[in-house]
Amino acid sequence: MQSFPYKSRFEYSSLYGIINAAYKNYFFIELSARRDWTSTLANPYRNNSVGFTYPSLNISYILSDAVKLPSSINYAKLRASYSNVGSGGTVPYRTSYGYGPLPVYDAYGNGNYYAAPSVLVKPDLKPLRTTSYEVGAEMQMFKRRFGFDIAAYMGNTKDQILQSIIDRSSGYSGEIINAGTVRNVGLEVAMNGTPVKAKKAGGFKWDINVTYSTNKNKIIDIPDSSVVLRTGAVGSGQIVAKVGGSMGDMYGRGFVRSPDGQVVFDPATGNAKITEEVVFIGNTMPIGKLSIQNAFTFKNFRLSTLFDGQWGAVGHSLMHYKMVEQGKLQVTVPGRYNGIIGNGVLEVLDASGQVTGYRKNDVVATDIDEYYRSMMGVDNAEGSSFSTDFIKFREARIDYTIPAAYLKKYRIDKITLGIYGRNLFIWSPWPMFDPEFGTLSGTDINQGFEIAQFPSTRTMGANLIITF
Amino acid sequence: MIKNILLGTLLLAFMLQSCTKRYDEINTNPNLVPEVSPEQLFAPALASILDINMSRNRTFNNELMQVTVNIGDGDGKVFRYDIRTTWGTQPWNNLYLELTNLKNIYSIADTSSRYKNDSYKGVSLILQSWVYSILTDTYGDIPYSESNLGRLEDGANRRPKFDKQKDIYMAIYDSLEIANSILAQSTDAITSNSDPVFKGDVAKWRKFGNSLYLRLLLRLSGKSEVSATVISKFQNIVNNPVQYPIISDNNESAILRWSGSAVAAEPMSSPFNNVRVQDFRSPGLGEFFIGNLRNWNSPLIQTNAPHGTNSINRWGIAQGSNAWSGVPSGYAPGQDVTKSSYFLAAIRIHQTRLPLPEPICKRNRLPAKC
């Protein structure tokens with residue numbers, strides 16, 4: 001049997017030009033233009049459109065040098081930029097149809113055997129284009145004890161190159177697409193400060209660094225009414241792009257609900273009813289992220305801590321559904337021996353079977369296995385989807401530096417002793433190990449679907465640094 | 001000065017432009033081939049379709065048909081007709097992809113200047129009819145007229161419309177009619193090495209197509225709107241063996257013989273090689289199935305020659321603790337049942353059969369000629 005090593009190759013050429021101009025050392029302009037040609041967009045039938053050009057413009061104005069500001073302000077700068085970035089991606093061979101070899105059949109008969117591809121290529125693949133506008137300000141004040149850098153941006157990404165999932169009655173399971181227009185609007189803030197600083201050297205000092213970022217992702221235009229970007233493992237969980245939605249919107253089968261949002265139960269079994277169609281479950285992209293780093297220095301000791309967190313996103317946990325079905329989680333304990341009445345409503349039907357209203361659920365579900373399956377199991381993507389909000393105590397360390405005076409006679413410059421810990425604590429509504437997960441799928445990070453992750457590890461250690 | 005810079009830039013741009021000429025070559029996938037011959041798609045497509053059907057048969061159909069009983073009191077047991085929605089996707093997701101291979105065989109044999117071949121066209125139509133019939137029998141209305149047209153050259157249809165089952169059956173009859181007339185005239189050869197079923201015998205493929213036609217006609221013979229035309233077509237076929245040759249003896253059966261190798265990674269090895277021995281033996285046989293074989297004293301379960309080989313009967317069924325007996329399919333949860341007879345794992349490497357009627361005519365008391 002022959003083996004078939006997978007070969008992959010791409011090439012690009014670019015031409016880049018830049019012009020810098022300054023006026024009186026406080027007003028700067030930078031103009032650039034770039035033209036790229038990438039092989040990933042070429043195909044045997046069309047070779048002329050592999051090139052694309054993109055310009056950028058940056059303006060910055062150092063306010064503190066241009067005008068006289070109050071003495072408390074040490075440095076102030078304003079900036080604005082426009083940029084256009086294009087890319088043909090780094091994945092080759094997405095423009096021409098080909099048959100894949102089936103080496104297993106080589107020994108059969110004479111000759112090589114092939115099968116049609118399952119992913120449709122895009123012969124007229126276009127480069128991705130991102131046009132973004134950004135304004136920002138940077139300031140240092142109070143003898144540089146407080147500073148911030150703030151930036152607001154808006155970017156439109158057009159023709160993102162993605163693989164979407166299509167129904168197999170088309171003959172294929174996926175296709176390469178140029179996905180419409182997506183708008184990202186966001187704000188990034190970084191602040192640093194020294195709230196406490198003793199006058200004399202070696203005294204107490206407290207430094208703090210805060211970063212905050214928020215981003216909103218909105219689909220302005222898409223080539224189809226909805227495009228399935230990824231499918232999850234169970235419950236028809238999928239990431240679906242729709243106009244007005246976001247690239248991270250998760251859909252899946254979920255609870256049938258009454259108009260006031262209560263879960264509807266099945267009067268025969270007492271189990272939750274699950275929708276036939278997929279419903280919106282949540283967005284898998286966090287709205288915001290925040291991190292706070294503190295450092296305290298006193299004499300030869302230094303203590304630093306890092307906390308960070310994110311909020312506003314959901315994820316589906318495969319591990320949770322699986323462990324629920326196997327009865328391995330505490331949430332499945334209630335009702336094991338005497339059954340359980342699910343918290344929700346029953347439909348009130350008229351003679352013709354139409355729903356006329358709802359009443360409180362009073363049916364005892366005795367098949368507890370099936371009950372929890374309906375609530376959080378394989379068919380119900382909503383049941384095992386949870387908020388991925390978290391606050392993490394990411395890092396802490398204490399260092400002690402031995403005073404140089406003691407070291408001189410040993411010809412040592414510096415000795416630092418430290419102990420540290422990483423991933424110390426997680427506070428999160430996420431029921432499984434870690435709300436930060438990412439499953440690699442080809443070259444993409446599969447956001448939103450946790451598929452049996454390993455627990456992340458807490459690291460503790462000590463180190464000794466000797467400098468001669 | 002500025003003039004020179006501009007000139008230099010233009011020259012550079014021109015040079016870069018010219019080196020992009022070979023980009024189409026760089027972006028041609030060396031791992032794939034752009035063009036194949038029909039025979040290169042044929043054997044793997046056939047083997048995959050059987051793989052899909054046999055796997056489905058083992059896990060699902062056998063349970064439904066009371067052949068096997070996967071003993072247990074848990075939920076979602078098919079033999080209790082507790083069928084989860086997840087069972088629905090397997091034939092759809094796999095067979096439609098194989099239809100792409102079958103349709104590509106047709107289009108290559110139809111339009112390629114190098115590989116024009118009428119016999120592959122006819123055989124492709126027969127196999128497409130067979131696969132579509134499995135799909136529509138499973139799901140009812142399905143995409144047919146617009147299915148498998150996702151490729152840009154085919155119209156880029158990613159959302160084929162659903163056709164009525166009745167229309168699909170009529171269209172299948174048309175394809176089988178066309179297949180019969182194509183194969184009647186075709187002088188093109190089917191490479192014997194690439195054909196695991198008939199070793200390139202086009203006449204046998206034609207017979208298979210017509211026998212399949214009979215079977216599919218039989219399916220609608222009880223539908224009042226079409227029964228008259230369907231029955232007359234049936235008679236037309238069986239009364240005109242020259243125009244519609246059909247399978248007439250066992251040597252003409254459509255059988256794909258697996259290589260017999262127990263290694264899953266070998267070509268044409270049974271898909272059941274992917275099932276562990278203990279898993280393959282795990283479901284007990286249903287009492288309905290094994291009990292009838294026992295009561296009728298069927299030669300299929302006799303272990304001695306000429307019916308059996310090496311003390312194993314034709315169907316590779318082991319006796320088990322209670323001799324030839326099985327588990328009542330659909331037994332109530334909690335009821336105490338004992339597994340007795342089961343399928344030996346040796347059957348994994350045996351042959352499989354394309355679904356063909358044996359003595360259709362006898363069973364349905366049709367005209368004497370057949």
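In the predicted model, helices α5(B) and α7(B) pass each other in a left-handed crossing. Their axes come within 10 Å and cross at roughly 30 degrees, and because angles under 35 degrees count as roughly parallel, α5(B) and α7(B) are described as roughly parallel to each other. On the α5(B) side the contact is formed by S119(B), G122(B), V123(B), I126(B), S129(B), W130(B) and S133(B), and on the α7(B) side by V202(B), W205(B), F208(B), G209(B), L212(B) and L216(B). Divided by class, the contact of α5(B) with α7(B) comprises 8 nonpolar and 5 polar residues, with no charged residues.

Helix α5(B), which covers residues 118-139, also packs against α6(B), residues 165-185, at an angle of about 160 degrees and with the two axes 9 Å apart. Since angles over 145 degrees count as roughly antiparallel, α5(B) and α6(B) are therefore assigned to that arrangement. The crossing of α5(B) with α6(B) is left-handed. From α5(B), the residues involved are D118(B), S119(B), K121(B), G122(B), L125(B), I126(B), Q128(B), S129(B), Y132(B), S133(B) and T136(B), and these meet Q165(B), I168(B), I172(B), S175(B), L176(B), I178(B), A179(B), I182(B) and L183(B) of α6(B). The contact of α5(B) with α6(B) contains 10 nonpolar, 8 polar and 2 charged residues. Among the residues of α5(B) in this contact are S119(B), G122(B), I126(B), S129(B) and S133(B), which likewise take part in the contact with α7(B).

Helix α7(B), residues 202-220, packs in turn against α8(B), residues 227-239, at an angle of about 155 degrees, the axes lying 9 Å apart. This angle makes α7(B) roughly antiparallel to α8(B), and the crossing of α7(B) with α8(B) is left-handed. N210(B), Y213(B), L214(B), L217(B) and L220(B) of α7(B) form the contact with V230(B), K233(B), F234(B) and I237(B) of α8(B). By class, the residues in the contact of α7(B) with α8(B) are 7 nonpolar, 1 polar and 1 charged.

Between the two chains, 50 residues of chain B are in contact with 54 residues of chain A. On the side of chain B that touches chain A, two or more residues are given by each of α1 (2-19), α2 (23-26), α3 (38-64) and α4 (89-111) of chain B, and α4(B) gives the most, with 8 residues. The residues on this side of chain B divide into 25 nonpolar, 18 polar and 7 charged.

The secondary structure of chain A comprises 4 helices and 27 strands. The radius of gyration of chain A is 29 Å, whereas a compact globule of 468 residues would have a value near 23 Å, and the C-alpha trace of chain A spans about 85 × 65 × 55 Å along its principal axes. Of the 468 residues in chain A, 27% are buried. Among the contacts in chain A with a separation of 6 or more, 65% are accounted for by residues 24 or more positions apart. Helix α3(A), residues 368-376, is mostly covered, with 8 of its 9 residues buried. The buried residues of α3(A) are I368(A), E370(A), Y371(A), Y372(A), R373(A), S374(A), M375(A) and M376(A), and the buried residues of this helix pack against α2 (318-325) of chain A.

Note on methods. Residues numbered from 1 in each chain as written. Chains lettered and ligands numbered in written order. Predicted model: local features only at pLDDT ≥ 70, side-chain atom pairs only at ≥ 80, totals over all residues. Buried ≥ 20, exposed ≤ 12 C-beta atoms within 10 Å, placed from the backbone. Contact = placed C-beta atoms within 7 Å. Nonpolar A, V, L, I, M, F, W, Y, C, P; charged D, E, K, R; others polar. Axes fitted to C-alpha atoms, helices over the stretch in contact; angles between N-to-C directions. Parallel < 35°, antiparallel > 145°, perpendicular 65-115°, else oblique. Left-handed = near helix turned anticlockwise from the far one by under 90°. Rg over C-alpha atoms; globule rule 2.2 N^0.38 Å.
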